Amino acid sequence: MLLSSVRSAVEQLLLPAECLLCHALLSPRDAERLVCAVCRHRWKPVRPPWCERCGQPEPHFGPCRLCTQWPAVLRTARSAVWLTDGAQHAVHALKYGGLPRIADDLALAMGALRPRPDGPLAAALIPIPLAPKRLRQRSYNQSERLARALARTWRIPVIADLLVRTRETPTQTALTPGTRLANVAGAFAVRRAAHATYVLIDDVFTTGATLAEAARAFEQAGAATIHAITFARANIPDFT
């Protein structure tokens, strides 16, 4: 935590008080943020009508093809905004730009997505873990930064070491929807019994394969219910 605080202080000293996306000067109220209110307003929200389970916008003809193979424990998945323009640049800054502090701005958009419980309240937020090699390269897990930013608003604890990667997986970026599930099959494990409700946190939802496989690991560990929340959702032409 000390290293994180030092990093944040250095960023604030080195970066001018301007929006990372449009370079407009930040107002005094937003001086500690990296994205101005105007750019956050330009992010395109994901809105209903959608599949009640996976959040993929309609129209649907018959059963939703995106979530039919998900484990039963994964009840809902929701994303705040579409992965277009400024939102994509913000994700890139979080994942590859060495700017973990931007997670606070992304979490603002995610705040309204807190799952409405139809059973026990969520016990914790669970960030999707990075493989050790990528964690060393990046020095932080972007999903954990998002989870911790949300935790401050929702007042739900974060458990960052409950879900672990069991193997390295190739990046999902260039894979087709049909091969993403196979790519992450068996890639996660839960360290101990987990008989509760949890919320998985990740940066981007594409087909939901990573979230589904993580939920499968929780199902095997005895979890009652899993929800999933991401900042952005990629447009998949085959599913819209």
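A salt bridge is here a side-chain nitrogen of Lys or Arg within 4 Å of a carboxyl oxygen of Asp or Glu. The model is predicted, so that local features need pLDDT of at least 70 and side-chain atom pairs count only at pLDDT 80 or more, while totals for chains, interfaces and linings use all residues. Residues are numbered from 1 along each chain as its sequence is written, and side-chain values use heavy atoms, with hydrogens and water left out.

**View 1. The salt bridge of K95 and D203.** The side chains of K95 and D203 meet at 3.4 Å, N to O. This pair links distant parts of the chain, with K95 in helix α3 (residues 85–95) and D203 in strand β5 (residues 197–205), 108 residues apart; helices (H or I, at least four residues) and strands (E, at least two) are DSSP runs, numbered from the N terminus. D203 is buried at a relative accessible area of 3%, where buried means under 20%, exposed over 50% and partly exposed in between (1.4 Å probe, protein chains only).

**View 2. The salt bridge of R33 and D105.** The closest N and O atoms of R33 and D105 lie 4.0 Å apart. R33 sits in the loop between α1 (2–14) and α2 (37–42), and D105, 72 residues apart from it, in helix α4 (residues 103–110). R33 is partly exposed at 25% relative accessibility, whereas D105 is buried at 1%. A network of salt bridges links R33, R40 and D105.

**View 3. The salt bridge of R152 and D104.** Here the closest N and O atoms are 2.7 Å apart. R152 belongs to helix α6 (residues 142–154) and D104 to helix α4, 48 residues apart. R152 is exposed at 55%, and D104 partly exposed at 29%.
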